Amino acid sequence: MTTPATRRVLAVIPDLFFATRVAATAEAGGVELELVAQGRVVEQMSATPPTLVLIDLHAANAMELVATLKAVAPGVPVVGFFSHVETALRRDALAAGADAALPRSQFVNKLAMLLTRGIEALREPAPGGSAP
């Protein structure tokens, strides 16, 4: 299993305020997080495959990006997040190949575990909650 110190996570999060929050959580967990512009994420993935990719599903062309990332590196988990009222984004992301798509509130609740443990964390109950 990969230790948190060796985990490399790429994140496509255009919202700078939220990106800062995700970056702070990664730093607290000892996880290397790279905030990447959407146009550079495939290049970054090809250079050194990450252990996880996080995508804001509200970003322009997010579904196309998900499909491209899964075609380039099918073994790298892709997790998207969305506003809870935009449930169609979840369906579209999963159809495009995302490994998981969470409402932003669930994403925030599970973020620390997701960053340190990877996609397996989504199968575990959140603190004070239950598994999906």
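I began with the open sheet, whose five strands stand in the order 2-1-3-4-5 with parallel pairing. Strands here are DSSP runs of E with at least two residues, helices are runs of H or I with at least four, and both are numbered from the N terminus. Two strands pair if DSSP finds at least two bridges between them. Strand 2 (32-35) and strand 5 (100-103) are the edge strands, each pairing on one side only. Direction ignored, neighbouring strands of this sheet are turned by 20° against each other on average.

**A note on the source.** I am working with a predicted model, in which local features need pLDDT of at least 70 and side-chain atom pairs count only at pLDDT 80 or more, while totals for chains, interfaces and linings use all residues. Residues are numbered from 1 along each chain as its sequence is written, and side-chain values use heavy atoms, with hydrogens and water left out.

**The whole chain.** I found five helices and five strands in the protein. Along the sequence they follow the pattern β-α-β-α-β-α-β-α-β-α. Of the 132 residues, 44% count as buried, where buried means under 20% relative accessible area, exposed over 50% and partly exposed in between (1.4 Å probe, protein chains only). I also looked up contacts, meaning heavy atoms within 4.5 Å. Among those between residues at least 6 apart in sequence, 61% join residues at least 24 apart.

**Strand pairs.** Strand 3 (residues 52-56) and strand 4 (residues 78-82) pair in the parallel sense over four bridges. In this pair, Val53 stands opposite Val78 in strand 4. Strand 4 and strand 5 also pair in the parallel sense over four bridges, and Gly80 has Ala101 of strand 5 as its bridge partner.

Which residues of strand 5 are buried on each side? I found Ala100 and Leu102 buried on one side and Ala101 and Pro103 on the other, so to speak a strand with both faces covered.

Helix 1 (residues 16-28) lies across strand 2, strand 3 and strand 4, and runs at about 165° to strand 2. Helix 3 (residues 62-72) packs on the sheet too, touching strand 1 (8-12), strand 3 and strand 4, with its direction at about 165° to that of strand 3. For these angles, axes are lines fitted to C-alpha atoms, for helices over the stretch in contact, and angles run from 0 to 180 degrees between N-to-C directions.

**Helix 1 with helix 5.** How far apart are the axes of helix 1 and helix 5? They are 9 Å apart, and the two helices pack at an angle of about 30°. Phe18, Arg21, Val22, Thr25 and Ala26 in helix 1 meet Arg104, Phe107, Val108, Leu111, Ala112 and Leu115 in helix 5. The residues of this contact divide into eight nonpolar, one polar and two charged. Here Ala, Val, Leu, Ile, Met, Phe, Trp, Tyr, Cys and Pro count as nonpolar, Asp, Glu, Lys and Arg as charged, and the others, Gly among them, as polar.

**Arg104.** I stopped at Arg104, which lies in helix 5 (residues 104-117). Arg104 counts as partly exposed because its relative accessibility is 26%. Leaving aside neighbours within four places in sequence, Arg104 is in contact with Asp15, Phe18, Asp56, Phe81 and Phe82. The C-alpha atoms of Arg104 and His84 are separated by 6.7 Å, with the two residues 20 apart along the chain.

**Helix 3 with helix 4.** The axes of helix 3 and helix 4 (residues 87-96) come within 8 Å and cross at roughly 25°. That makes these two helices roughly parallel. Met63, Val66 and Ala67 of helix 3 make the contact with Leu89, Asp92, Ala93 and Ala96 of helix 4.

**Asn61.** Last, I checked the loop between strand 3 and helix 3, where Asn61 has its place. Asn61 is not a glycine, yet has a positive phi of about 55°. Most residues other than glycine have a negative phi. Is Asn61 buried or exposed? Asn61 is exposed, with a relative accessible area of 53%.

Conventions
Angles under 35 degrees count as roughly parallel, over 145 as roughly antiparallel, 65 to 115 as roughly perpendicular and the rest as oblique.
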